[in-house]
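Please consider the structure shown below. The briefing that accompanies it is arranged by topic.

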Amino acid sequence: MLFNQISNNSVFFGVERIVAGKKASISLNEYKIKYYNANWLPDEQSQNIDVEKYSENLKSLIFISDKQTLGLSGGMDSRVLLSYLLEGNSSWDTFTFGDSKHPDSFIAQSLVNDYNITHTKYHASLPQADILINKIQDYSLQSVVNNGASAIFQSLNYSSMRNQHSVLIDGCLGEIWRREFFYRLYFNGKKSILNGEARDIIPNISLPHADIFTEDINNLMTSRFESQLHYWFENLPAVETIGVENWIDLFALKTRMPNYFLHEQTVIDDVVTSLMPFSQLSLLKSLFNVPISLRKNGKLLRSIIKTNFPSLEKYPLVKGTSINPYNLSSFQSRALSKFRKKFKRDSYKDNSKENLFNILKPYILDISSSESFYNSEMYDHKKVKNIIESYYGGNKTYGYALDWWLSFELFRQNIE
């Protein structure tokens, strides 16, 4: 019902997650485990950190290996990292995932062509249905239903790098330095945050995946995440002290890092050695000391690119599947991308989900008629059957819901 889980508790009863500063000590003599909570917070706003100081800190987190490979897209964050590598002397190359016609790949290709960069494209093909089902099951369990089943494409591409001896450098979490998280919450929920009204901010952090559960389950989830929001209102610094924008960014760190990025990092770590410079604690501790005016609209990261390698400014940026002018603000970029999507102005069409669901059609029809499916009291079976029948009946708008149901169903089968 939300972007991701917002509690740091495990989804399994009787399991303790050691995340977000929490620690555990194990006594072998007494066969006891003790848990210690640590409410990590960024340093207080004792001093302002300017672009130069921030850039020095970030640079120190990039050049950590004799050989590195950068995940290059058409976005801002990977371009910042590219600007450091272009001015450095270490051995490095770049790679992209997915269809070469995707805007991310198109912009990345322009960059590597113009700067004569060694570049690899990974676009894994789908395996046979039985192998594919097992891989989705593993991914769904490992990521705790973090994404729809179609996210297996990303996992398959990472698997292609299994014998890679370079350290993978990823621009993940760069959004926190551009004030991109919970954009809707900032514009529509400021008053509710100031008043501590948890229920009123729920619509601004909601992202329903698939309407597949009974009303009892839906009501249970709603009551649970409302109580979880109250927890954050009680345990984060007062909004009046740090300001609404800092509060939202800290809320994003506390909820998205342990519940989204952590799971994705786990999947990657099973294949290659990787590093996310933007998410390192030594950098994040200075979050509140970087003025909000610098973090807005990517001003901080744009300044770094301008200083390091200004010629990178001539290339447009990609938002989703939309290619936008480099100088657009965050709001303008979002608005233009939504306009193009609404009026179908994007030239790129992604058929990967359709290919996936075509391969798995016999399996999906089979499990949706199985005894295990009908014995599950969580599901509203009519809703699920309607999603499946509507999609395979030709209404592809149900693909989003089908994607999430399949991910959850394979997760459910796995844990049972």
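The model is predicted. By the distance rule applied here, the count of salt bridges comes to 18, and a nonpolar surface patch of about 400 Å² is present.

**Helix 3**
- Helix 3 covers residues 103-114, 12 residues in total, and spans 17 Å from its first C-alpha to its last, close to the expected 16 Å.
- Its buried residues are Pro103, Ser105, Ile107, Ala108, Leu111 and Val112.
- These buried residues pack against helix 2 (76-87) and against strand 4 (91-97), strand 5 (119-122), strand 8 (317-319) and strand 9 (322-324).
- In an α-helix there are 3.6 residues a turn, so residues three or four places apart point the same way.
- After helix 3 comes Asn116, which has a positive phi near 55°.

**Salt bridges**
- Glu226 and Arg199 meet through their side chains in a salt bridge of 2.9 Å, N to O. Glu226 belongs to helix 9 (residues 215-235) and Arg199 to helix 8 (residues 198-201), so the bridge ties together parts 27 residues apart in sequence.
- Within this pair, Glu226 is buried because its relative accessible area is 15%, under the 20% cut-off. Arg199 is exposed because its value of 54% is over 50%.
- Salt bridges with shared partners join Asp77, Arg178, Glu180, Lys319 and Arg334 into one network.
- Glu87 is bridged to Lys59, with the closest N and O atoms 3.8 Å apart. This pair links distant parts of the chain, Glu87 in helix 2 and Lys59 in helix 1 (residues 51-60), 28 residues apart.
- Glu87 counts as partly exposed at 37% relative accessibility, and Lys59 counts as partly exposed at 37%.
- A salt bridge of 3.1 Å, N to O, joins the side chains of Lys22 and Glu16. Lys22 counts as buried at 16% relative accessibility, whereas Glu16 counts as partly exposed at 37%.

**Nonpolar surface patch**
- Val11, Phe12, Val15, Leu141 and Ile415 make up the nonpolar surface patch.
- Leu141 is found in helix 4 (residues 129-142) and counts as partly exposed, at 34% relative accessibility.

**Individual residues**
- Leu336 lies in helix 15 (residues 330-342) and counts as partly exposed at 23% relative accessibility.
- Beyond its neighbours within four places in sequence, Leu336 is in contact with Asn324, Pro325 and Leu328.
- Leu336 and Lys319 are 17 residues apart in sequence, with 9.2 Å between their C-alpha atoms.
- Ser352 is part of helix 16 (residues 352-359) and counts as buried at 19% relative accessibility. The side chains of Ser352 and Asp350 are joined by a polar contact of 2.7 Å.

Key. Residues are numbered from 1 along each chain as its sequence is written. This is a predicted model: local features need pLDDT of at least 70, side-chain atom pairs count only at pLDDT 80 or more; totals for chains, interfaces and linings use all residues. Side-chain values use heavy atoms; hydrogens and water are left out. Helices (H or I, at least four residues) and strands (E, at least two) are DSSP runs, numbered from the N terminus. The expected span of a helix is 1.5 Å times one less than its number of residues. Buried means under 20% relative accessible area, exposed over 50%, partly exposed in between (1.4 Å probe, protein chains only). Contact means heavy atoms within 4.5 Å. A polar contact is a pair of N or O atoms within 3.5 Å; within protein, one must be able to donate a hydrogen and the other to accept it, and residues adjacent in sequence count only if both atoms are side-chain atoms. Patches are made of residues with over 30% relative accessible area and no salt bridge: like charges are joined within 9 Å, nonpolar side chains (Val, Leu, Ile, Met, Phe, Trp, Tyr) within 5 Å. Accessible areas come from the Shrake-Rupley method with a 1.4 Å probe; for residues, only the protein chains shown count as cover. A salt bridge is a side-chain nitrogen of Lys or Arg within 4 Å of a carboxyl oxygen of Asp or Glu.
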